[in-house]
2 protein chains.
Amino acid sequence: MAKQKKAPRPKAQTPKGFRDYFGAEVTERAEMLRRIAGVYHRYGFDALESAAVETVEALGKFLPDVDRPNEGVFAWQDDDEGWLALRYDLTAPLARAYAQHRNELPLPYRRYAMGPVWRNEKPGPGRYRQFYQCDADTVGAASVAADAEICAMLADTLEEVGIPRGDYLIRVNNRKVLNGVLESMGVAEDHQRDAVLRTIDKFDKVGEAGVRELLGAGRLDASGAYIDGVGLGEAQAEPVLAFLTSKGADAGETIANLRAAVGESAVGAEGVDELEQIAALLTAQGYGPDRIVIDPSVVRGLGYYTGPVFEAELTFEILDEKGRKRQFGSVAGGGRYDDLVKRFTGQAVPATGISIGVDRLLAALREKGRIHSETRGPVVVTVMDRDRMADYQAMVAELRQEGIRAEVYLGNPKNFGNQLKYADKRGSPVAIIEGGEEKANGVVQIKDLILGAKLAESASLEEWKERPSQVEVPRGEMVAKVREMLDQCNSATALSNIPEEFWE
Amino acid sequence: MAKQKKAPRPKAQTPKGFRDYFGAEVTERAEMLRRIAGVYHRYGFDALESAAVETVEALGKFLPDVDRPNEGVFAWQDDDEGWLALRYDLTAPLARAYAQHRNELPLPYRRYAMGPVWRNEKPGPGRYRQFYQCDADTVGAASVAADAEICAMLADTLEEVGIPRGDYLIRVNNRKVLNGVLESMGVAEDHQRDAVLRTIDKFDKVGEAGVRELLGAGRLDASGAYIDGVGLGEAQAEPVLAFLTSKGADAGETIANLRAAVGESAVGAEGVDELEQIAALLTAQGYGPDRIVIDPSVVRGLGYYTGPVFEAELTFEILDEKGRKRQFGSVAGGGRYDDLVKRFTGQAVPATGISIGVDRLLAALREKGRIHSETRGPVVVTVMDRDRMADYQAMVAELRQEGIRAEVYLGNPKNFGNQLKYADKRGSPVAIIEGGEEKANGVVQIKDLILGAKLAESASLEEWKERPSQVEVPRGEMVAKVREMLDQCNSATALSNIPEEFWE
């Protein structure tokens, strides 16, 4: 390396809002993505991977967080290409890719995509500026059968990754119904319309009375801050409240209430019809209201939706950071965005899809103890004589050939205690020792490290006591003995619910 | 969506140097990464995934392409965090992550990482500004046993992904030997030193005579352009040439030649000793010169290497874009970089590792026909009566429950010919037809699309002729019949060498 100029030392720090993922955090996510891809594939969706970088003009500006720099996007000016940006979702790149390659792609085009996206947002606890999404979309299908299929597939996917029926609910609404309500209210201006939509999105948190205040003069929130209202009159706000409280005992009742709420609006009636068809298709396929429901309170923040919108939430309770019970909440969302491809081509191309927030879904599974990670480290072959490194390397090679994860200690071997401390830190099940005396006698020592730890934890466990914590075996029997000890560990400790072959 | 202002249409175009990957291109890469991770894991390496974004100061400036904007990096100024950049490799982020988390990590720390990296380079044919790397590194092991292990693991990895022994060669050199040669030449200044290194890197292309010219006054290249030389005298250039031509019939001879080339240089002698130890360790483990060789011509472009450097190349010939035979060339490289963590902590932390160029490796496997992708599309259930969409959805649900990839046609069903064209474009093996008459009779038509295509291709194939191209079966036997037809396809066509379970 060229000599470093005397520069100040760089900080060893991820930029704010970014983080590192270690070991099982990485492999568990990879396994979840693999399972999701399996369901998407079975439904006929094909993989598409676009680059992280797009032109700013291709991405468009659809993020709700408009107060942030570059409207929530990481962007920079390229010498050759003008303004470039990191993708903020996988939908905008799909619209660009479909428009670019439409002559070669089938129509309809079902595609799935998975990977990180970036948001230039204010980071907070558990809120990062890079996170994974896993999307499936159908481009070129105007029929609401496509929307129904997406919802059914989402239900199958959640169950496939370990969320049992009853622990999730997919809620379906339709932007056209909302638009119908706004039309019948006489709210025409964009900014007022957006303000009403944002208020509707708060219904879950503030309830009917809260929404009433926020649509009118405003409201004191829990922290004592005064939130300005939209400034509608009480009569004018009424259709919104009728709409929000339209959820009935079943889909039929909800749909009847919605039909009343949209009044004379044609677009509203169209939206209600679509919801009715979606509900009928899903019911016929056995996806009942225990899994998928029509729910008028779903809005979805992104600006590009034009028809049905979906949201999947986990319904079980967790404890929040202050120890209060709350529902886990949303892990996936999506909807129909018929105008996104048209931005490029000028021709209307209907499209609908879903995006799963993979990191939140993983967090939920961990929270519920539904992922039991394989945290077992490798077998560690200790170094008693550094001139015989080749012998130790041969041992790990033999172990690996039998599919056993193994490594030689590569630190300074002088202090043997450090080698065992290392094996402990690695979560190693077994350490191998072959000093000069063992070598001369043609044997190795095999130390059972899990047994040592278990004995320390609960010395009364009979099944552990029967096993000696260190055994001497002939060198030729080393691999068989290690295999036997590992199998004992497996049967005595909780097994991962993720297939063994993934971890080996 | 809020109404679009009348803005000019965005171009549906990836930025220059970026591209989209479709279908098998994505799944083949995922499968290759999974296999590589399996080998790394078996060797005791743990996963680490860092973010794509780092501070510019944490990444440092080690890319050879210094003439590009931001020295080859995509960078931008963040309002909160100063200058941020996309990682250009996975090694600089590892050094940052290790320095940041060193108190929690084991020592030595073996880690693997895989993902895209970004280079702000001039794009060219087959040369993209985003590409995948798959790295393994050992931090905190000063012993060359760590370097030898990396080389052995690289050989195992290449074989695991489908490069047979004999089709690859891992070449090992040592920067210290080079430094010793430069020392014994009296080349001290950084810029002259770098110029000599760049010249050495051209040895493969221009040969001994070419290097002699480039070290001296300069050289006319094949295109007729004059390349300026380093300006050394003939006697001064001699040690470089002795060094470059030091490769002997075996490792022993090469090492003896190198020992002569470094003369009295202490650092040179140290480098030769290290190569000797690496060769001995690898030989003892059975990694002979058919897989790993000492080769003085390996340089590696990155500025941070301090000791052993490695390069894996594929030795078989391919045809280049002009139809000329040439060796496929390098698919992986790495080496020891003992000062990279020190940048952050001030304390020396030895480290060594390898980076596999996954996209090039995939290209090589495709070139050699070693990947036979599953390009089979889903079973397509056609729509004869759009009011019975729920029936068709039920059919695909039944097929999927048996693990068969299946979908309903979701385009406009009016023109039946379009539905079959769609199935053809999707590569569907089978189409299902259930019109009103079939429904009334409780049957479905199953159309064998692969048979149709095969008959068109080679009508004499007896095994295909025996099968009728369309059969009518009772509705209840649909799934079993489709399964039977798919199994016939499988046995009659080339099977993928990638395990079926990955694709299903």
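Predicted model: local features only at pLDDT ≥ 70, side-chain atom pairs only at ≥ 80, totals over all residues.
Residues are numbered from 1 along each chain as its sequence is written, and chains are lettered from A in the order in which they are written. Local features need pLDDT of at least 70, side-chain atom pairs count only at pLDDT 80 or more, totals for chains, interfaces and linings use all residues, and side-chain values use heavy atoms, with hydrogens and water left out.

Visitor: By what turn can chain A be laid on chain B?
Guide: Copies are superposed by least squares on the C-alpha atoms of residues with pLDDT of at least 70 in both. Chain A is laid on chain B with an RMSD of 0.1 Å and a shift of 0.0 Å along the axis, by a turn of 180°. That is the relation of a two-fold axis.

Visitor: Which residue of chain A comes closest to the rotation axis?
Guide: The distance is taken at the C-alpha, and its value is 2.8 Å. The residue of chain A that comes closest to the rotation axis is W76(A).

Visitor: How many salt bridges does the rule find across the interface of chain A and chain B?
Guide: A salt bridge is a side-chain nitrogen of Lys or Arg within 4 Å of a carboxyl oxygen of Asp or Glu. One of them joins the side chains of R110(A) and E407(B), at 2.8 Å from N to O. Across the interface of chain A and chain B the rule finds 14 salt bridges.

Visitor: Is L90(A) buried or exposed?
Guide: The UniProt record, in an unreviewed entry, lists L90(A) under "binding site"; its positions are given in the numbering used here, feature names are shortened, and annotations may be inferred rather than shown by experiment. Buried means under 20% relative accessible area, exposed over 50%, and partly exposed in between (1.4 Å probe, protein chains only). Because the relative accessible area of L90(A) is 4%, this residue counts as buried.

Visitor: With which side chain does the side chain of D137(A) make a polar contact?
Guide: D137(A), also among the "binding site" positions in the UniProt record, is buried, with a relative accessible area of 1%. A polar contact is a pair of N or O atoms within 3.5 Å; within protein, one must be able to donate a hydrogen and the other to accept it, and residues adjacent in sequence count only if both atoms are side-chain atoms. At 2.8 Å, the side chain of D137(A) makes a polar contact with the side chain of R111(A).
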